[in-house]
Amino acid sequence: MFTGIVEEIGKVRSLEEQGDAVRITIDASVALGGTRLGDSISVNGVCLTVASQDEAGFAADVMQESLNRSNLGTLREGSPVNLERALAVGERLGGHIVQGHVDSTVELLSRQHSEHWDVLRFTLPESVARYVVEKGSITLNGTSLTVSALGADWFEVSLIPTTLTETTHGNLAVGDRVNVEVDVLAKYVERLVAPTSGAGTREG
């Protein structure tokens with residue numbers, strides 16, 4: 001589990017195709033602290049398992065499902081990526097509960113710059129629209145953000161300078177696609193309140 005508070009921006013060192021998977025090696029420093037083989041690291045919001053590591057970075061295997069559902073398949077050598085180590089018990093939950101299970105990708109439609117923040121507008125896929133609410137939490141490329149405005153097929157987030165400089169969002173261009181994970185609590189609530197199918201009554 002993660003919190004959506006990006007710890008550093010890593011850089012893709014290499015990509016090695018392995019049939020229906022890709023081994024990605026990422027240069028990092030902060031994310032290596034205390035990291036061991038088998039640990040989880042969020043890469044642009046995708047939970048990956050550390051398969052090997054050296055003094056300058058780590059490698060992880062990305063399955064076809066993750067390549068299809070996220071933007072990891074578009075990465076190239078030198079691409080910047082948001083990194084976060086898994087949450088340790090007892091640490092502060094600075095963002096919100098993030099699983100690292102990407103639901104879809106969304107496209108940046110526009111970005112409006114102001115003196116103190118940038119407003120980014122993204123497409124809102126129908127498949128996740130019901131889980132997105134104004135002032136609610138949403139994860140974009142592994143970053144916990146708040147929905148500042150919402151339309152029928154779009155949503156906006158307002159990014160402060162810290163977020164723009166400490167994550168990859170500062171360099172996003174119109175047309176770029178980012179990974180989105182909606183709040184898992186919304187999914188659980190939907191499941192709990194949905195009518196139970198196939199439930200019968202017991203007579204006796």
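View 1. Val-157 touches Asp-118, Val-119, Leu-120, Phe-122, Ile-138, Leu-140, Leu-145, Thr-146, Val-147 and Ser-148, leaving aside residues up to four places away in sequence, where contact means heavy atoms within 4.5 Å. Val-157 belongs to strand β11; helices (H or I, at least four residues) and strands (E, at least two) are DSSP runs, numbered from the N terminus. With a relative accessible area of 0%, Val-157 is buried (buried means under 20% relative accessible area, exposed over 50%, partly exposed in between, with a 1.4 Å probe and protein chains only). Gly-4 is 153 residues from Val-157 along the chain, and the C-alpha atoms of these two residues are separated by 14 Å.

**View 2. The aromatic pair of Phe-122 and Phe-155.** The structure holds one aromatic pair, formed by Phe-122 and Phe-155, which is stacked, at 5.6 Å centre to centre and 25 degrees between the planes. Rings of Phe, Tyr and Trp (its six-membered ring) pair if their centres lie within 6.5 Å, and planes under 30 degrees apart count as stacked, over 60 as edge-to-face and the rest as tilted. The pair links distant parts of the chain, since Phe-122 lies in strand β8 (residues 118–123) and Phe-155 in strand β11 (residues 154–159), 33 residues apart. Phe-122 is buried, with a relative accessible area of 0%, and Phe-155 is likewise buried, with a value of 0%.

**View 3. Arg-121 over the face of Trp-154.** Arg-121 lies over the face of Trp-154, at 3.6 Å from the ring centre; a charge sits over a ring if NZ of Lys or CZ of Arg is within 6 Å of the ring centre and within 35 degrees of the ring normal.

**View 4. The two annotated spans.** Residues 1–96 are 6% helix and 46% strand, with end C-alpha atoms 10 Å apart, whereas residues 97–193 are 21% helix and 41% strand, with end C-alpha atoms 21 Å apart.

**Notes.** Residues are numbered from 1 along each chain as its sequence is written, and side-chain values use heavy atoms, with hydrogens and water left out. In this predicted model, local features need pLDDT of at least 70 and side-chain atom pairs count only at pLDDT 80 or more, while totals for chains, interfaces and linings use all residues.

Terms used
UniProt positions are given in the numbering used here, feature names are shortened, and annotations may be inferred rather than shown by experiment.
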